[in-house]
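Work through the following exercises with the sequence and the 3D structure beside you, and try each task before you read its solution.

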Amino acid sequence: MVVPATVGVLLIPTLISHRTGHHGINKVFGFTVNVVITIGMIASVALLIRELPTHRESATDLLLSAAFLWLTNILVFALWYWRLDAGGPHGRDKRFGHPNGAFLFPQMTMTPEAKTAGDAHSWSPNFVDYLFLAFNTSTAFSPTDAPALARWGKVLMMLQSLISLTVLVLLAARAVNIL
């Protein structure tokens, strides 16, 4: 209950700083919220793994926990990718298009003619693009359409895949075994 309360308290100044246009402060609060959620998620995975040998959790509880942790993993890392890539959302909004970044999106490889024909000449990734990247990383344990170019992106994707693999192999497998 500590993590949701902490996030709730941190979201208030985050929203206020966003609404008032204080992007630097908003960025700090946004990263702080991400750190709190990430630590809470990793701690939850560790606590569930620690409790597995006690056999106190029912199959239903383990499956629900695994599903929520897997979903949280996707959302947390989508937020990380969105906040870190190419200067974050505010940095990307200041530029025309998205010529470079930590991830190679397919739109970045299009010829200028193809971009114009596809109305993608000013394309820049938004949160859904990073959500798709995070979903694929948690599901396929790899990027399916946007490889990581930056080392920090590769490290985050490895961590996300490791967490997802741990949740699926240990928690979900144990729940299925109980059934």
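A cavity, on a 1 Å grid over the protein atoms alone, is a set of points where a 1.4 Å probe fits but cannot get out, and its volume is the space filled by probe spheres set on the points. The model used here is a predicted one.

**Exercise 1. Find how many cavities of 30 Å³ or more there are, and describe the lining of the largest cavity.**

Solution. Step one is the count, which comes to one cavity of 30 Å³ or more. Step two is the volume, and about 40 Å³ of space lies in the largest cavity. Step three is to list the residues that line the largest cavity, which are E51, L52, H55, R56, E57, L62, R174 and I178. Step four is to sort this lining by class, which gives three nonpolar, one polar and four charged residues.

**Exercise 2. Describe helix α1, and state which of its residues are buried and what they pack against.**

Solution. Begin with the extent of the helix: α1 covers residues 2-19, has 18 residues, and reaches 26 Å from its first C-alpha to its last, close to the 26 Å expected at 1.5 Å a residue. Next, look for buried positions, which include V7, L10, T14 and S17. An α-helix has 3.6 residues a turn, so residues three or four places apart point the same way. Then ask what lies against the buried residues of α1, and you will find that they pack against α2, residues 23-51. Finally, look beyond the helix, where α1 is followed by G21, a residue with a positive phi, near 80°.

**Exercise 3. Describe the largest pocket by its volume, its lining and the elements that contribute to it.**

Solution. Two or more residues of the lining are given by each of α1, α2, α3 (59-84) and α4 (88-93), and the largest share, five residues, comes from α2. Sorted by class, the lining has seven nonpolar, six polar and one charged residues.

**Exercise 4. Decide whether A102 is buried or exposed, and explain why.**

Solution. First locate A102, which sits in the loop between α4 and α5 (112-117). Buried means under 20% relative accessible area, and A102 has a relative accessible area of 5%, so A102 is buried. Lastly, leaving aside residues up to four places away in sequence, A102 touches D85, P147, A148, L149, A150 and W152.

Conventions
Residues numbered from 1 in each chain as written. Predicted model: local features only at pLDDT ≥ 70, side-chain atom pairs only at ≥ 80, totals over all residues. Heavy atoms only, no water. Helix = DSSP H or I, 4+ residues; strand = E, 2+ residues; numbered from the N terminus. Expected span 1.5 Å × (residues − 1). Buried < 20%, exposed > 50% of the residue type's maximum accessible area, 1.4 Å probe, protein only. Contact = heavy atoms within 4.5 Å. 1 Å grid on protein atoms, 1.4 Å probe; cavity = no way out; pocket = protein on both sides within 12 Å on 5 of 7 lines; lining within 4 Å. Nonpolar A, V, L, I, M, F, W, Y, C, P; charged D, E, K, R; others polar.
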